[in-house]
Amino acid sequence: MTKAEIRQKVWRTIEREGIGRFPFGPGRIPNFVGAEQAALLLREMAVWRRALVVKVNPDAPQRPVRRLALQEGKIVYLAVPRLRSEKCFIEIDPQRFGGRATAAASVAGACRWGRPVSPREMRPIDLVVCGSVGVARDGARVGKGGGFCDLEYGILREEGKVRESTPILTTVHPAQILGERIAMLPHDLPVDFLVTPTEVIATRPAHPRPRGIYWDLLRALKINAIPLLRKRLKRGASGGSSPRRL
């Protein structure tokens, strides 16, 4: 199956089984019933307990994860939607806004209570939590098709904010765990753990992690739409350090 076919299969399954909730639909990371229970199970993991700084995707099913992180005093980073500014991440430090963890866990709250930062200004990340449409037990993952989760990781890897050993996990409904093989390209992000409302699955990923930004795999239209990439490409063309093609 192609990735597009896998996405359609997952979205249809979730709709048919009635395990999606608002906001839900094709084109989204599925907001699944049991997301809160998955977050609570995540809370018991050693990689979570050790993490002081976490990057979490801004989608609805991971809002309980963001809320839990802020309640526990962790610093949370969210990407600005579609990386549409040079300061393309939002830093949410619970020490700066008191007891507003619930409000700051939403995208609107993060924009209000957090502060925009560039990748260079960020603290090193201890744990990455990403959203997924479909996942496999070998760590392969399918997002909603925009490629932004992979690109965010590549940017942070080049800046040294994530390392080869930084744990990566996703929270999903069991219906999102697939038996089909998911084809992975060099820029695709695999995960170390799948966390459902009832269990934690260690994947032992069979796929290498991206080592940075894969410029050769980016379309010019996408580069031009992302200020950070546009600036880096321009700097390289004007005699600075050229973008790396890894």
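This is a predicted model: local features need pLDDT of at least 70, side-chain atom pairs count only at pLDDT 80 or more; totals for chains, interfaces and linings use all residues.
The backbone of R82 has a phi near 60 degrees, which is a positive value in a residue other than glycine. With a relative accessibility of 58%, R82 lies over the 50% cut-off and therefore counts as exposed.

The loop between β2 and β3 also holds L83, for which phi is near 50 degrees, again a positive value in a residue that is not glycine. The relative accessible area of L83 is 0%, so that L83 is classed as buried, whereas R82, at 58%, is classed as exposed.

The peptide bond that joins F22 to P23 is cis, and its omega is about -5 degrees.

D192 is situated in another loop, the one between β9 (177–178) and β10 (193–195). The relative accessible area of D192 is 16%, and because the limit for a buried residue is under 20%, D192 is counted as buried. When residues up to four places away in sequence are set aside, the contacts of D192 comprise T166, P167 and I168, together with I201, A202, T203, R204, P205 and R209. D192 and L83 are thus both described as buried, at 16% for D192 and 0% for L83.

Conventions. Residues are numbered from 1 along each chain as its sequence is written. Side-chain values use heavy atoms; hydrogens and water are left out. Buried means under 20% relative accessible area, exposed over 50%, partly exposed in between (1.4 Å probe, protein chains only). Helices (H or I, at least four residues) and strands (E, at least two) are DSSP runs, numbered from the N terminus. Contact means heavy atoms within 4.5 Å.
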